[in-house]
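Please keep the structure open while reading.

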Amino acid sequence: MRDAVRKGPKDLKTASLMIVYTLSKALGCGPTEIYGLPTSHVIDLMALHTAIEEYKAEEMDKITKDTKNKIR
């Protein structure tokens, strides 16, 4: 499972499990609720979650760079 987290899943079962886990944590609900959603909804939510996490990472990078420049 560590390799799947670091390098990406190698099979559909692991990918599905990772998606369910990620959305469960992001939405604060149980995995059974995710399994009950239509596939299209899960895909949309996962895309939204990914976009938000990328934005947060970009903003953190900006803050980190700004902080390093102020220290120098």
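## Basis

The model is predicted, and the values that follow are computed from its atoms.

## Helix H2

Helix H2 covers residues 12-27, 16 residues in total. From its first C-alpha to its last it reaches 22 Å, close to the 22 Å expected at 1.5 Å a residue. Just after the helix comes Gly 28, with a positive phi of about 70°.

The buried residues of H2 are Thr 14, Ala 15, Val 20, Leu 23 and Ser 24. They pack against three helices: H1 (2-7), H3 (31-35) and H4 (39-71). An α-helix has 3.6 residues a turn, so residues three or four places apart point the same way.

Thr 14 is found in H2. Its relative accessible area is 15%, under the 20% cut-off, so Thr 14 counts as buried. Setting aside neighbours within four places in sequence, Thr 14 is in contact with Met 1, Ala 4 and Pro 9.

Val 20 also belongs to H2. Val 20 has a relative accessible area of 8% and is therefore buried by the 20% cut-off. With neighbours within four places in sequence again left out, the contacts of Val 20 are Pro 31, Ile 34 and Tyr 35. Between Val 20 and Lys 56 there are 36 residues of sequence separation and 21 Å of space, C-alpha to C-alpha.

## Helix H4

H4 has 33 residues, which should span 48 Å at 1.5 Å a residue. The end C-alpha atoms of H4 are 48 Å apart, in agreement with that expectation.

In H4, the buried residues are Val 42, Leu 45 and His 49. These residues pack against H2 and H3. The buried residues of H2, in turn, pack against helices that include H4.

## Surface patch

Met 1, Val 5, Leu 17 and Tyr 35 make a nonpolar surface patch of about 460 Å². Met 1 is placed in the segment before H1. With a relative accessible area of 59%, over the 50% cut-off, Met 1 is classed as exposed.

Methods. Residues numbered from 1 in each chain as written. Predicted model: local features only at pLDDT ≥ 70, side-chain atom pairs only at ≥ 80, totals over all residues. Heavy atoms only, no water. Helix = DSSP H or I, 4+ residues; strand = E, 2+ residues; numbered from the N terminus. Expected span 1.5 Å × (residues − 1). Buried < 20%, exposed > 50% of the residue type's maximum accessible area, 1.4 Å probe, protein only. Contact = heavy atoms within 4.5 Å. Patch = residues over 30% accessible without salt bridge, like charges linked within 9 Å, V, L, I, M, F, W, Y side chains within 5 Å. Areas by Shrake-Rupley, 256 points an atom, 1.4 Å probe, with all protein chains shown as cover. Salt bridge = Lys/Arg side-chain N within 4 Å of Asp/Glu carboxyl O.
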